Amino acid sequence: MGSRKVNERQAREVTLAAAVRDLAQMPVTNLVIESCDQDHEGNRVIRDELGAEAPFRYTHARHSNSLLWILDERPC
């Protein structure tokens with residue numbers, strides 16, 4: 001998501017909110033989010049969207065988890 005009207009933090013929150021709404025409609029059991037200095041805000045976004053009892057577990061992991069960056073390495 002890119003726009004001159006929103007900064008990176010706002011774009012991350014909007015994107016995360018849309019993703020968890022979609023994932024809540026799927027048979028998802030676990031969501032791993034790349035960790036950054038906005039983990040607390042990310043948790044707040046998820047709670048705001050799904051309530052206190054999300055239908056799946058969500059955790060934050062550092063970029064060292066290869067499953068979080070493997071798609072970044074794929075050639076276009």
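Predicted model: local features only at pLDDT ≥ 70, side-chain atom pairs only at ≥ 80, totals over all residues.
Residues are numbered from 1 along each chain as its sequence is written. Local features need pLDDT of at least 70, side-chain atom pairs count only at pLDDT 80 or more, totals for chains, interfaces and linings use all residues, and side-chain values use heavy atoms, with hydrogens and water left out.

Q: How do you know where confidence in the chain is highest and lowest?
A: By pLDDT, the predictor's confidence in each residue, from 0 to 100. Helix α2 (residues 39–50) has the highest mean, 94. Helix α3 (residues 66–69) has the lowest, 60. Helices here are DSSP runs (H or I, at least four residues), numbered from the N terminus.

Q: Why is Glu13 called buried?
A: Buried means under 20% relative accessible area, exposed over 50%, partly exposed in between (1.4 Å probe, protein chains only). Glu13 has 17%, so the residue counts as buried.

Q: Why is Arg44 called partly exposed?
A: Its relative accessibility is 33%, so Arg44 falls in the class in between.

Q: What makes Arg44 and Glu13 a salt bridge?
A: The term needs a side-chain nitrogen of Lys or Arg within 4 Å of a carboxyl oxygen of Asp or Glu. The closest N and O atoms of Arg44 and Glu13 are 3.1 Å apart. The pair therefore ties helix α2 to helix α1, across 31 residues in sequence.

Q: What makes Glu49 and Arg21 a salt bridge?
A: Their N to O distance is 3.0 Å, so the pair meets the definition. Glu49 sits in helix α2 and Arg21 in helix α1, 28 residues apart.

Conventions
Helix = DSSP H or I, 4+ residues; strand = E, 2+ residues; numbered from the N terminus.
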